[in-house]
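Here is a friendly walk through one protein model.

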Amino acid sequence: MKRLNRSRGGTIALFAFIAVVACLSAFPMVLVVGNSLKSLSELWKFPPTIFPENPTIKNYIDMVNAMSSSVVPFSRYLLNTVLITVCGTLANVVAGSMAAYSLCKLHYPGREFIFSLVVKALMFNTTVTAIPLYVIMSNLGIVDSIWAVILPTLGSTLSLYLIKQFMEQSIPDSLLEAARLDGASEWKVFWDIVMPNIKPAWCTAILLSVQAYWNTMPNMLIYSEEKKTLAYVLNQISASGLSRAGVTAAITVFMMIVPITVFVVSQSQVLQTMATSGMKE
């Protein structure tokens with residue numbers, strides 16, 4: 001077993017540093033959860049407190065009542081959000097994996113140039129591409145439908161980049177050549193060999209997609225109230241003024257549940273992707 005060339009004092013200092021960073025990272029979440037359990041008077045108390053002195057779930061009850069009084073049923077907003085999140089994530093992962101496989105393991109002229117365009121596209125913020133996106137969706141005739149939000153996920157550059165880089169490090173070309181010599185089709189090589197071996201990469205893509213689409217508010221592409229998302233109606237409730245500060249904290253906690261759950265489930269896979277570890281030829 002390889003021994004670390006580090007003193008006991010260095011080890012203690014390292015763990016102390018990690019503990020401090022972990023506490024700082026968890027503090028915003030603890031603060032939001034604490035605020036959601038405070039009464040309005042305690043919420044504006046100075047100096048502020050981290051933990052509620054008299055915990056109450058009134059903010060969550062007010063949030064449910066506000067959603068119940070909406071013209072469109074809450075279940076409709078939730079259904080729209082779930083459809084966009086599930087379909088958008090599936091399209092993102094499948095299209096990104098197939099494009100990454102093409103750029104990484106298939107040899108054809110212009111492959112490096114196409115990937116360089118993908119890397120350059122990472123620099124563009126979604127705000128910059130908002131108008132071209134609306135024009136394209138309008139020409140396709142799918143504005144004011146959830147497909148106007150789902151279809152652009154097929155061109156997600158971040159997922160493609162992460163999957164391609166991980167695939168390059170973890171899948172040796174010799175493995176694929178051996179499968180082809182055994183008579184496996186390109187489709188079978190992709191689904192039965194490549195996809196299982198890049199599970200950490202597409203788990204990371206799932207996490208990023210769920211986080212993006214669960215919190216999406218595509219007001220420019222969808223303007224019918226019955227097609228709006230959950231994030232939209234909750235944002236409208238939280239924007240009602242200072243009197244809704246407690247409800248806003250409750251809404252923040254509510255919207256954090258799904259992304260955090262997905263992250264906890266796929267945490268080890270995400271860390272493996274970021275380290276770009278795996279088999280090497």
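Let's start with Asp 144, which sits in the loop between helix H6 (130-140) and helix H7 (147-150). Helices here are DSSP runs of H or I with at least four residues, strands are runs of E with at least two, and the numbering goes from the N terminus. Asp 144 has a positive phi of about 70 degrees even though it is not a glycine. For context, most residues other than glycine have a negative phi. Asp 144 counts as buried because its relative accessible area is 11%, where buried means under 20%, exposed over 50% and partly exposed in between (1.4 Å probe, protein chains only).

A word on what you're looking at: this is a predicted model, where local features need pLDDT of at least 70 and side-chain atom pairs count only at pLDDT 80 or more, while totals for chains, interfaces and linings use all residues. Residues are numbered from 1 along each chain as its sequence is written, and side-chain values use heavy atoms, with hydrogens and water left out.

Now the overall picture. The protein chain has 13 helices and zero strands. The C-alpha trace spans about 70 × 65 × 30 Å along its principal axes. Of the chain's 281 residues, 36% count as buried.

Helix H1 takes in residues 8-36, and its end C-alpha atoms are 42 Å apart, which agrees with the 42 Å that its 29 residues should span at 1.5 Å a residue. (The expected span is 1.5 Å times one less than the number of residues.) Where does H1 bend? The bend is at Phe 27 and comes to about 35 degrees, with a proline, Pro 28, following within four residues. Here a bend is the angle between axes fitted to the seven residues ending at a residue and the seven starting there. The buried residues of H1 are Gly 34, Asn 35 and Ser 36.

Next, the aromatic rings. Rings of Phe, Tyr and Trp (its six-membered ring) pair if their centres lie within 6.5 Å; planes under 30 degrees apart count as stacked, over 60 as edge-to-face and the rest as tilted. By this rule there are five aromatic pairs. Two of them are set out here:

| Pair | Centre to centre | Angle between planes | Kind |
|---|---|---|---|
| Trp 187 and Phe 190 | 6.3 Å | 40 degrees | tilted |
| Trp 187 and Trp 191 | 5.7 Å | 65 degrees | edge-to-face |

Trp 187 and Phe 190 are three residues apart in helix H10 (residues 186-197), so about one helical turn separates them. Trp 187 and Trp 191 also both lie in H10, four residues apart, again about one turn of the helix. How open is each of these side chains? Trp 187 is exposed, with a relative accessible area of 52%, and Trp 191 is partly exposed at 32%. Phe 190, in contrast, counts as buried at 3%. Together with Tyr 101, these residues, Trp 187, Phe 190 and Trp 191, form one aromatic cluster.

The charged end of Lys 164 sits over the ring of Phe 115, 4.0 Å from its centre, and that of Lys 228 sits over the ring of Tyr 232, 4.6 Å from its centre. To qualify, NZ of Lys or CZ of Arg must be within 6 Å of the ring centre and within 35 degrees of the ring normal.

The largest pocket holds about 1,100 Å³ of space. Of the 32 residues that line it, the closest to its centre are Thr 126, Thr 129, Leu 133, Pro 152 and Tyr 213. H6 gives the most to this pocket's lining, with five residues.

The largest cavity has a volume of about 30 Å³. It is lined by Lys 105, His 107, Asp 173, Leu 176, Glu 177 and Arg 180. Helix H9 (residues 173-181) gives the most to that lining, with four residues.

Technical notes:
Expected span 1.5 Å × (residues − 1). 1 Å grid on protein atoms, 1.4 Å probe; cavity = no way out; pocket = protein on both sides within 12 Å on 5 of 7 lines; lining within 4 Å. Points joined across faces, edges and corners; volume = space filled by probe spheres on them.
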